[in-house]
Amino acid sequence: MSGLLETIVAAPFLAAVALLLVPANQKTSLRVISAIGALVSLAGSIQVYRLYDMTKGGMQMAVSYPVVPDLGIHLKLAVDGWGVSLLLLTGLIITGGVFASWTLEDRPKEFFVFLLVLVAGVFGVFVCQDLFIFFLFYEIAVLPMYLLIGIWGSSNKVAEAGPFRVVWKLFDVGGKEYAAMKLTLMLLVGSALILAVMLAMYHSAGAGTFDMQVLGQHKYPMWLQSVGFLCLWVGFGTLAGLWPFHTWSPDGHASAPTAVSMLHAGVLMKLGAFGVMRVGMLMLPDGALQWAWLVGLVAVINIFHGAMCAMAQKDLKYIIAYSSVSHMGVVMLGAATFTVNGWNGAVYQMFAHGLMTGLFFALVGLIYEKSHSRWIPDMGGFGKTMPGIATFFTIGALSSLGLPALAGFVAEALVFIGAWQSDHSWWALVGLVGAWLTAIYVLRGAKAIFWGEGPSEEFQDLEDARGIEWVALWLLGLGLIVFGCVPRLILDHIDLATVEVLRELMGTAWEGIK
Amino acid sequence: MSPSDFRVISLELIVGAGALLILLVDLFLPAAKKKLLGLLAALVLGIAFDVSCLADLSGTFRQGSYVGDDLALFLKQFFLATGFLAVLGGLSRCQERFNSRLGEYYALILASIAGMLLLAGCRDFLLLVVAFELMGVPLYALAAWTKQPETEDERPAESGFKLYVTGAISSAAALFAISLIIGSTGSTRIDALAQVPMTPLLGLGLAMLVGAMGFKIGAVPFHLWVPDTYQGTTTPFAAFLAIAPKAAGLAALIQVLIGGLGARGDSWQDIVLLLAAASLVVGNLMALVQNNTKRLLAFSGVGHMGVLLMGLAAVVAVDAWRGPQAEGLASLLFYLPAYLVSNLGLFLVAERLERNGGGPDLTAFKGLGRRSPWLAMASLLFLLSLAGIPFVVGFWAKLYVFLAAWGSGLAWLVILAAVMTVVGLFYYLRIVRAMYMDAPEDSSPLDPSPTLTAVVFVCLAATAGIGLYPGPLIELCRAVAQAFIS
């Protein structure tokens, strides 16, 4: 079916433009139009999944529109196995996000406009085959965050402590404007690095085009590959939440409104990892192989550091935020292994963790709305009054620690096997320790909030999710179960793409790494 | 001198005649109807723009001291468009502030634009001087136009005086530099530069000339007049000043450096690189600490001038054997309209807020998201365009300059510019924050002002439209640049 990829990318954008024309007080119309935009994209991504020809593989449904043909910039869209899974993820998350924001009362028009423009950028990144337009979509996916967090976010009182407390007070650490500005500036510094490498690759290849296939075929000089990959890894890695450039992430996620956190932790951080793999590893392979040890090392630091920080948190949103940092470490670990299992695991973890973290933030949003608190020590026994939320939280928690029959297990298993098969087998051991640490903080958190004694007086009459609030929870929770029990639904697509690109990358060394 | 020669300078003649016409009409117009003068000025500019599109203006005048080629046409249309939008945008404000002197105001603006048009096509140093003076002298008076004898407010006088003193110094320096150049080449023609070996005398002359132009375009370290002048003068005129004379100065630099010295880039590239880097750094860093809207825009303009100079420097490839690169010039030409629509739009929004009692500081933007969502959305797009964020035109303009500069081997400057762009984002986001995240200080709805709103809308349409579909304009700029360089 022609025009499918364009529809997926354009639908949220057109919905945003349509929203601009609707008066701000007609809230129902605004919500319905936003939902239509999200659902069209979701339907489109499901259709892409169904139409993708597994016998042929490779990039399919390719289209190309000239943008500035003189400079070699075209809007080229195509999708492979990785793209199929990530489009599906984004479709699910944005649908969940729009429904989770259904009851927003403060300026919903601008909120949905910015949210939809953001997700249009995300869809674009996953299917784009032209490096310039890839960068363009990548930037579109960053800037609306400033407005979304700064206007609709929530500020948190963070008690200043430590040697830098003067600076904390000066910059209003914990405030939503601080989080928004820090996020935007850090991510844009990352994209400045990506821009530099992009221009260097364009001029080095001398082909006069930004087509990623063409640029990928070119053999770049080793110094460019080496420096370029490092810059791409740091640049994209800032978005992926790589230590030590992850510091925007906890504040950003904690301050952001629900749908924005769902989208950001669920999808945008995957954009960063996707960029490292698609642009960094596939287009600068020798540089990537040279630095694979560093990528893996930082990945295990991510896993460990994220888990340890999550254990120390008492604010619910910060636990989830740090757990995202930790799980992105699993993604990057899989990528660093350069094995089929590792890469399959990395992309599967993007998918699984996306669903899981989307579910978590939707739940946290609900808990916050009902109890007006994110402070875990005050909570307890919520499972008595909100059993539905408690159940979905526990499903998410079990997926997070990698329990079989849930999607997280498949991802982590593949990554750890891949790590064991790689040149640095010790990564697998640290990864397993990380999984164990995850179990500690996530089970402890679930128990502290939902199970056990309580609830205390102020939380006696909390309600469970109602009506439209169930949509996001069922969509994502069911996704975790389905893709945990039948992973091949999406793993086959991912594997097809992985085997192809890895074979091309490794060339003669292919047989050895299978 | 046959009638067909006049065809080449017809635009200048139209605009010049328009200036005289306004003075004439002003004599007979009653005070209440003075606003018509502004509309008349806009009409003259519009007619000139139409003529530029429809008539064939190519050819030479006076044995080639003035040439009407594609580049000249592009620049002339740019100046006319800037003048048209700035005059229309500022119509009501000017009428409010100085109704009795409206005739002279518009006449001087048209005279200045006529000078810019002349500058676009000149190929002779003496004509360059004349055009510069014709452009510059009216600006000195216009900057101080709001000075009333009764009031205590000295700022308009300060702004006009600073512009006058720096302008006079730069004109004197330019004249001296040109005398050195003419002495070295033995001819007043600009393209005589290509035939003469580079002597220290010629080098000194060129350096002084670039410095003198640097005053006009507001490049660092010649930028000190810029913030004070913008702050003291009326906002619509500041908008005009922020765009048109800078482009005119760049036009002169293009003629002299590329047209005259194109193949010998090593003689001037270093100076321009230095100015570009300094402007990028100083402009963006200084803008961080500004609280006055016009001063912030002034320094941001200095930063943008750094990017424009980067495009100019990109014409010379580091591997000198590659000859002049049209890509650099094309990126500069594309940046000009991008800068025009975003900057003018933002100045006009600031003007509207100032008029509604918001005051000259950034606090006037507070709560605009609630007071007027459309205006806030327009400002958001203008700010994103100035910052270089997709999907508005400023992104394409910046990326195109970066692409051209990297291709010419100026990777270090591109990285510096990219870092400074992120710095720039910080102060642009301050305005966004005030608009959307702060409560309005004054919740009254904004006064309607049809002409200003119309111009803001045109700027918005251009910012978003070219941002979504930049191909045709980029191709036009490339064609013009390639024609000029070969």
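How many residues does the contact take from chain B and from chain A? I looked this up before anything else. The contact takes 39 residues from chain A and 37 residues from chain B. I note here that the model is predicted.

**Entry: area.** I checked the area next. Chain A and chain B bury about 3,500 Å² between them. Carbon and sulfur atoms carry 81% of that. On the chain B side, B:Leu403, B:Trp406 and B:Met437 lose the most area to chain A. Together these three make up 18% of what that side buries.

Entry: I searched across the interface for salt bridges, and the rule finds 2. I wrote down one of them: the side chain of B:Arg478 meets that of A:Asp70, 3.3 Å from N to O.

**Entry: helices at the contact.** Which helices of chain B each supply at least two residues to the side that touches chain A? I listed helix 15 (368–371), helix 16 (373–387), helix 17 (393–407), helix 18 (411–437) and helix 20 (471–485). Helix 18 gives the most, with 11 residues. I sorted the residues of this side of chain B by kind: 28 are nonpolar, 4 polar and 5 charged.

**Entry: helix 13 of chain B.** I turned to residues 293–313. At 1.5 Å a residue, these 21 residues should span 30 Å, and the end C-alpha atoms are 30 Å apart, which agrees. I found 21 of the 21 residues buried, so helix 13 is largely enclosed by the rest of the structure. B:Asn292 caps its N-terminal end, with a side-chain oxygen 2.9 Å from the backbone nitrogen of B:Lys294.

Terms used:
Residues numbered from 1 in each chain as written. Chains lettered and ligands numbered in written order. Predicted model: local features only at pLDDT ≥ 70, side-chain atom pairs only at ≥ 80, totals over all residues. Heavy atoms only, no water. Contact = heavy atoms within 4.5 Å. Buried area = accessible area lost by both parts, 1.4 Å probe. Salt bridge = Lys/Arg side-chain N within 4 Å of Asp/Glu carboxyl O. Helix = DSSP H or I, 4+ residues; strand = E, 2+ residues; numbered from the N terminus. Nonpolar A, V, L, I, M, F, W, Y, C, P; charged D, E, K, R; others polar. Expected span 1.5 Å × (residues − 1). Buried < 20%, exposed > 50% of the residue type's maximum accessible area, 1.4 Å probe, protein only. Polar contact = N/O pair within 3.5 Å; in protein donor to acceptor, adjacent residues only side chain to side chain.
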